[in-house]
Amino acid sequence: MKKPFHPRALLVAGALLASTMTAGAFDDAQRAEIGEIVRVYILANPEVLIEVQEALEQQIAAEEEQARTALIASSADDLFNNPADPVLGNPDGDVTVVEFFDYNCGFCRRAMADMQEIIETDPNVRFVLKEFPILGPDSIAAHQVALAFNAVAPELYEQFHTELMDLDARASEETALEVAVSLGVDEEVLKRSMADPRHSNSVQNTYQLAEGLGISGTPSYVIGNSLVPGALGVDELRARIAQARTAN
């Protein structure tokens with residue numbers, strides 16, 4: 001399948017052609033002749049447009065990466081040190097991995113095993129979990145329970161997180177509350193915490209961060225100063241962590 005031209009690539013090519021038509025150093029006949037030469041050349045060598053498009057795409061990607069890196073730097077406190085976010089692994093680790101996740105994301109559930117293996121084998125990694133419910137009302141409700149649980153019983157959060165992720169059923173307020181109560185947390189205490197607007201504000205803050213970073217799916221990771229989307233697998237996660245550690 002042919003790759004469609006990026007609109008800006010066509011604009012660039014058009015601008016190049018237009019510049020030959022309007023250059024003050026040529027009279028009308030010369031501009032017309034040069035313009036025809038350029039037009040004929042492009043028609044005979046359409047791969048030039050592909051080269052323009054590829055160069056433009058590289059430029060756009062570099063600009064987007066630069067903007068993401070700047071946003072990660074300017075939002076470092078919210079990304080890495082927000083007190084509302086659960087932290088697993090070594091809280092004083094030399095590398096922080098931020099994971100944007102949804103309890104109903106199948107890829108997130110499979111990726112949890114990667115996180116657990118890294119925590120078990122690398123004592124200097126700190127995982128920050130960004131509650132990022134994007135898969136409907138059940139996800140939003142389950143994440144509200146999770147944030148409330150972390151506020152009420154942070155020492156049990158890792159177990160809560162693991163059990164809710166391991167459920168065969170869809171995560172919802174009901175199933176999340178069942179897991180919480182099974183761990184000994186009083187349901188009424190938890191519901192009072194769920195009503196705290198700080199939890200909703202925390203989710204909204206995560207949405208804003210995700211939008212700025214261009215995150216639209218889960219899981220997505222911020223490792224060091226890089227955004228890494230998708231379920232990477234444990235080997236790729238280790239490689240990214242090693243890169244971030246070297247850069248520190």
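I looked up helix α5 (residues 106-121) and helix α11 (residues 234-247) first: they pack at an angle of about 50°, with axes 9 Å apart. The model is predicted; local features need pLDDT of at least 70, side-chain atom pairs count only at pLDDT 80 or more, and totals for chains, interfaces and linings use all residues. Residues are numbered from 1 along each chain as its sequence is written, and side-chain values use heavy atoms, without hydrogens and water.

Axes are lines fitted to C-alpha atoms, over the stretch in contact for helices, and angles run from 0 to 180 degrees between N-to-C directions. Helices are DSSP runs (H or I, at least four residues), as are strands (E, at least two).

α5 passes α11 in a right-handed crossing. I noted Asp114, Glu117, Ile118 and Thr121 of α5 against Val234, Leu237, Arg238 and Ile241 of α11, contact meaning heavy atoms within 4.5 Å.

Next I checked helix α6 (residues 137-152) and helix α10 (residues 197-213). They pack at about 115°, with their axes 9 Å apart. α6 also passes α10 in a right-handed crossing. Ile140, Gln144, Leu147, Ala148 and Ala151 in α6 meet His199, Ser200, Ser202, Val203 and Tyr207 in α10.

Last, I turned to Ser220, which lies in strand β4 (residues 220-223). Ser220 is buried, at 3% relative accessible area (buried is under 20%, with a 1.4 Å probe and protein chains only). Its side chain reaches the backbone oxygen of Gly217 at 2.9 Å. Leaving aside neighbours within four places in sequence, I found Ser220 in contact with residues including Val98, Phe100, Ile215 and Pro229.

Technical notes: A crossing is left-handed if the near helix is turned anticlockwise from the far one by less than a right angle, and right-handed if clockwise. Buried means under 20% relative accessible area, exposed over 50%, partly exposed in between (1.4 Å probe, protein chains only). A polar contact is a pair of N or O atoms within 3.5 Å; within protein, one must be able to donate a hydrogen and the other to accept it, and residues adjacent in sequence count only if both atoms are side-chain atoms.
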